[in-house]
Amino acid sequence: MTDDRPPIGRSWSTLYIAVLVNLAVLIIIFYAFTRYFR
Amino acid sequence: MSRLDWLVLGATLGFIVAYGLWKGRRQRNLDSYILADRKLQWPTIALSIMATQASAITFLSTPGQAFADGMRFVQFYLGLPVAMVLLSMFAVPIFHRLKVYTAYEFLETRFDVKTRTLTAVLFLIQRGLSTGLTIYAPALIVSVLLGWNLYVTNLIIGTLVIIYTATGGTKAVSWTHVQQMLIILGGMATALIIAIRSIPGDISFFEAVRVAGRMGRLNAIDFSFDLTTNYTFWSGMVGGLMVALSYFGCDQSQVQRYLTGETPAESRLGLLFNGLVKVPMQFFILFVGAMVFVFYQFVAPPLFFNTAERAKIGVSRFAADYAELEDAHRANFVQKRQHVRELVTAMRADDAPGAAAAQAKVRAIQTRDAATRKAAIDLIKRNDATADVSDTNYIFLSFVLRFLPIGVVGLVMAAIFCASMSSTAAGLNALSSTSVVDIYKRLINPNATETDYVRMSKWLTVFWGGFAIAFAMYATRLGSLIEAVNKLGSYFYGTILAIFILAFFTKTVGGTATCLGAVVGEATVLYFSFFTKLAWLWWNVIGCVVGIIAALLIERLLPDREPDEVAEAA
């Protein structure tokens with residue numbers, strides 16, 4: 001099914017991982033931000 | 001507001017209504033009216049999803065939350081990206097394959113008509129009330145700003161949205177969302193820049209951020225595990241995930257946004273884009289509130305931000321007592337400002353003991369001032385037991401009106417109105433679609449023509465608009481608006497999510513067990529909300545987990561169904 005290929009990115013798995021990695025990075029940045037400025 | 005501000009606000013609202021009417025013209029069938037002919041591309045879907053969630057409440061109340069309680073509220077959104085991934089993987093393909101108009105239609109395919117109807121009715125109650133709150137928020141602004149009657153203001157704003165939503169359906173709603181989201185982002189960015197620039201010139205941006213941190217306003221992440229604290233990493237990752245799964249996967253106001261995708265890929269990308277940008281966007285809005293907080297360390301804030309309540313106490317028999325408290329508040333402010341400056345000086349000199357000492361003094365005055373504020377609130381309540389004593393919603397608004405330059409006030413007000421209109425329109429659109437597809441067409445009049453259904457959809461949009469306006473009249477006593485909306489949803493989200501999880505991931509549980517499980521889940525949520533101090537984000541987890549377990553147990557207790565019936569359900 002052609003629809004299984006995302007219009008951008010290599011595969012859906014890659015896009016899902018990108019969203020979750022982005023979340024993990026944000027949590028680390030927010031935690032560092034909280035610690036540094038408290 | 002100046003004439004220029006009114007011009008910016010009026011032109012923006014006029015443009016949105018006219019654009020909605022133009023984009024939504026010529027609607028002949030339900031596919032077109034409810035799902036915009038299923039022709040939308042992912043950028044439109046993504047912005048529409050974001051605009052639906054970003055109500056005026058987000059814009060008004062969130063900076064106030066950061067001002068009063070710090071940035072911990074951002075943790076509420078941590079489960080959202082995970083939910084976007086799960087929904088892209090499991091929900092989008094099923095909804096597209098079945099070509100449903102509403103999320104609840106799928107439940108009849110999997111279970112039976114009663115499960116579909118029960119879930120649709122739960123949605124109609126919850127979303128009908130929430131849409132009332134999204135109308136109320138900007139009405140509150142205008143009533144405070146102009147001294148207009150709040151009820152009349154609710155009516156005017158609600159009517160504006162009803163006009164283009166009823167006429168143009170989903171096409172009008174989705175396309176206006178794109179314009180509204182651009183205006184909202186522009187307004188937010190401008191507000192942040194001006195909040196930072198308003199801080200005294202001798203304090204650098206970095207120093208301002210450090211002051212906010214030292215005063216407990218940059219507490220974005222809290223890993224402590226406390227079930228009575230509303231916003232922690234854990235409540236956000238677990239409770240926030242449940243809220244997001246239920247809101248984006250089972251709430252028609254969001255499902256309808258991505259059902260408009262031309263292909264499942266367009267719908268998935270729309271959701272995933274939201275998963276990427278939502279958390280930073282909320283952080284950014286909260287950061288605006290933190291900067292407004294720093295600004296008010298150098299410019300005296302009012303003791304109580306709600307001008308209407310302040311005016312009432314000012315002419316009451318408690319006026320002298322309140323004036324005394326205002327004097328105490330001013331004295332606290334002057335002392336605190338001096339210690340904040342000492343803190344900045346110590347930080348500049350890398351004097352850690354000096355900074356710690358100044359921070360301790362600032363914190364002590366903060367505690368003293370909190371007691372002064374509490375005394376003022378008690379006085380306001382003694383004067384009028386029905387007074388609105390939660391002024392979180394007024395903090396950002398007060399800053400905008402007093403300190404933003406001419407023209408920019410109009411832009412920020414336009415952004416607030418756009419935010420309100422976007423989520424209200426999505427709510428009315430979904431309420432009308434669910435009423436027509438899941439109730440009217442399915443149960444009352446299954447053989448009408450497409451033209452009749454479109455006409456009924458338009459009338460039901462008007463009906464739900466009227467219902468939402470009526471509820472908005474009673475919204476003044478609900479405290480912090482952003483919390484009120486999410487709390488209201490949390491009474492139902494867990495139970496609705498349980499129904500959908502059973503539909504997606506079990507093969508043997510039937511409609512009767514699911515309905516009874518949902519009733520048990522809902523009763524448990526009500527028990528925990530009324531009789532315990534459990535933080536409200538956890539209600540979603542309880543409703544979902546109890547609903548699922550109860551349905552699984554009840555299924556075992558029910559008489560065996562015929563094999564054909566089970567196979568059909570699977």
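Predicted model: local features only at pLDDT ≥ 70, side-chain atom pairs only at ≥ 80, totals over all residues.
Okay, let's start with confidence: in chain B the lowest values sit in helix α23 (residues 563-569), with a mean of 48, and the highest in α5(B), at 93. Those numbers are pLDDT, the predictor's confidence in each residue, on a scale from 0 to 100.

Residues are numbered from 1 along each chain as its sequence is written, and chains are lettered from A and ligands numbered from 1 in the order in which they are written.

Chain B as a whole has a mean pLDDT of 87, with 95% of its residues at 70 or more. For the complex, the predictor gives an ipTM of 0.93 and a pTM of 0.85.

Now, the two chains. Chain A has 38 residues, and 13% of them count as buried. Buried here means that 20 or more other C-beta atoms lie within 10 Å of the residue's own; 12 or fewer is exposed, in between is partly exposed, and the C-beta atoms are placed from the backbone. Chain A has 1 helix and 0 strands.

Chain B has 23 helices and 0 strands. Its radius of gyration is 25 Å, close to the 25 Å that the globule rule gives for 570 residues, so chain B is as compact as a globular protein of that length. That radius is taken over C-alpha atoms, and the rule is 2.2 Å times the number of residues to the power 0.38. The C-alpha trace of chain B spans about 80 × 50 × 45 Å along its principal axes. Of the 570 residues in chain B, 55% are buried.

How do the chains meet? The contact takes 17 residues from chain A and 22 residues from chain B. On the chain A side, that's 13 nonpolar, 2 polar and 2 charged residues. For those classes, Ala, Val, Leu, Ile, Met, Phe, Trp, Tyr, Cys and Pro are nonpolar, Asp, Glu, Lys and Arg are charged, and the others, Gly among them, are polar. Contact means that two C-beta atoms, placed from the backbone, lie within 7 Å.

Back inside chain B, look at contacts between residues at least 6 apart in sequence: 86% of them join residues at least 24 apart.

Next, the core. Which residues touch the most other members of the largest nonpolar core? Of its 191 residues, they are B:A290, B:V292, B:A415 and B:L497. A nonpolar core is a set of buried Ala, Val, Leu, Ile, Met, Phe, Trp, Tyr and Cys residues joined through C-beta atoms within 7 Å. Helix α17 (residues 408-444) of chain B gives the most to this core, with 18 residues.

Leaving out residues up to four places away in sequence, B:V292 touches B:P63, B:F67, B:A195, B:I395, B:F396 and B:F399. After α4(B) comes B:G70, with a positive phi near 85°.

Why call α16(B) largely enclosed? Because 9 of its 12 residues are buried.

B:A36 has a phi near 50° and lies in the loop between α2 (30-35) and α3 (42-53) of chain B. B:K99 has a phi of about 55° and lies in the loop between α5 (80-98) and α6 (103-110) of chain B. Buried or exposed? B:A36 is buried, because 29 other C-beta atoms lie within 10 Å, whereas B:K99 is exposed, with 11.

Methods:
Helix = DSSP H or I, 4+ residues; strand = E, 2+ residues; numbered from the N terminus.
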